[in-house]
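Please take a moment with the sequence and the structure shown here, and then follow the explanation below.

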Amino acid sequence: ASLGCIIWLSVAFSRASGATLTVLWIPQPWWQQVAMAVTLVAFVLAVLGLTAKNPTSAGQAGLVDDPDIAKGIVRVTRHPFLFGALLWALTHIAVNGDVASLIFFGTFAVLGVAGPPSIDAKRARALGPRWQPFAQKTSIVPFAAIVSGRNSLKLGEIGVVRPLAAVVIYLAFLFGHKWLFGVAAFGR
């Protein structure tokens, strides 16, 4: 169902972007470089989120019983993929400045904001008191558990391979953007 909705949104976005483009604002040229840097961070978060063991991920709720599960990127946020999706969506809204982009990417931004509390509530209901130790050691908001002293940042747990893979994937999307999506990611 999710994939079907994404395909439907993508087709609708493509049609709206080409036929009935309504510009809301003209982004400043420098914003594109900022957006590209923020999107790189988004890709790193998304890849780390997709490859980390995490009780908030689909099919991994049982990992909540592992007392050492709050490590790596999960120390930073227990929802790294969704936070990456939020950053990706917001940068695309900002650099495009049109109604179709606001609706299309805004849908993903809403998911990035509403998804974490929704997932946490479902996990808390399903897991009961088993959820609390994990929730106490981690946070929805990136770095909040670290800043509050409930966890600590240990970059060595994240490693180098997965962030480098994220950079490679980001570069593939960046340079393949025109071919994949019909519009160049830079040099507009």
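**Salt bridges and a bent helix**

In this predicted model, Asp68 has a relative accessible area of 43% and is therefore partly exposed. Its side chain meets that of Lys71 in a salt bridge, with 3.7 Å from N to O, and Lys71, at 39% relative accessibility, counts as partly exposed too.

This pair belongs to a structure that holds 4 salt bridges. In another, the side chains of Glu157 and Arg75 meet at 2.6 Å, N to O; because Glu157 lies in helix α8 and Arg75 in helix α3 (residues 73-76), the pair ties together parts that are 82 residues apart in sequence. Glu157 is partly exposed at 31% relative accessibility, whereas Arg75, at 8%, counts as buried. Asp120 forms a further salt bridge with Arg78, where the closest N and O atoms are 2.8 Å apart, and this pair links Asp120 in helix α5 (residues 99-127) with Arg78 in the loop between α3 and α4, 42 residues away. Asp120 counts as buried at 8% relative accessibility, and Arg78 counts as buried at 9%.

We turn now to α9, which spans residues 161-181 and bends by about 55 degrees at Phe175. Among its buried residues are Pro163, Tyr170 and Leu174, and the buried residues of this helix pack against α2 (29-51), α4 (80-96) and α8 (155-158). After α9 comes Gly182, with a positive phi near 85 degrees. Val183 is also in the segment after α9 and, at 36% relative accessibility, counts as partly exposed. Together with Ile169, Phe173, Trp179, Leu180 and Phe181, Val183 makes a nonpolar surface patch of about 630 Å².

Definitions and conventions
Residues are numbered from 1 along each chain as its sequence is written. This is a predicted model: local features need pLDDT of at least 70, side-chain atom pairs count only at pLDDT 80 or more; totals for chains, interfaces and linings use all residues. Side-chain values use heavy atoms; hydrogens and water are left out. Patches are made of residues with over 30% relative accessible area and no salt bridge: like charges are joined within 9 Å, nonpolar side chains (Val, Leu, Ile, Met, Phe, Trp, Tyr) within 5 Å. Accessible areas come from the Shrake-Rupley method with a 1.4 Å probe; for residues, only the protein chains shown count as cover. Helices (H or I, at least four residues) and strands (E, at least two) are DSSP runs, numbered from the N terminus. Buried means under 20% relative accessible area, exposed over 50%, partly exposed in between (1.4 Å probe, protein chains only). The bend at a residue is the angle between axes fitted to the seven residues ending there and the seven starting there. Contact means heavy atoms within 4.5 Å.
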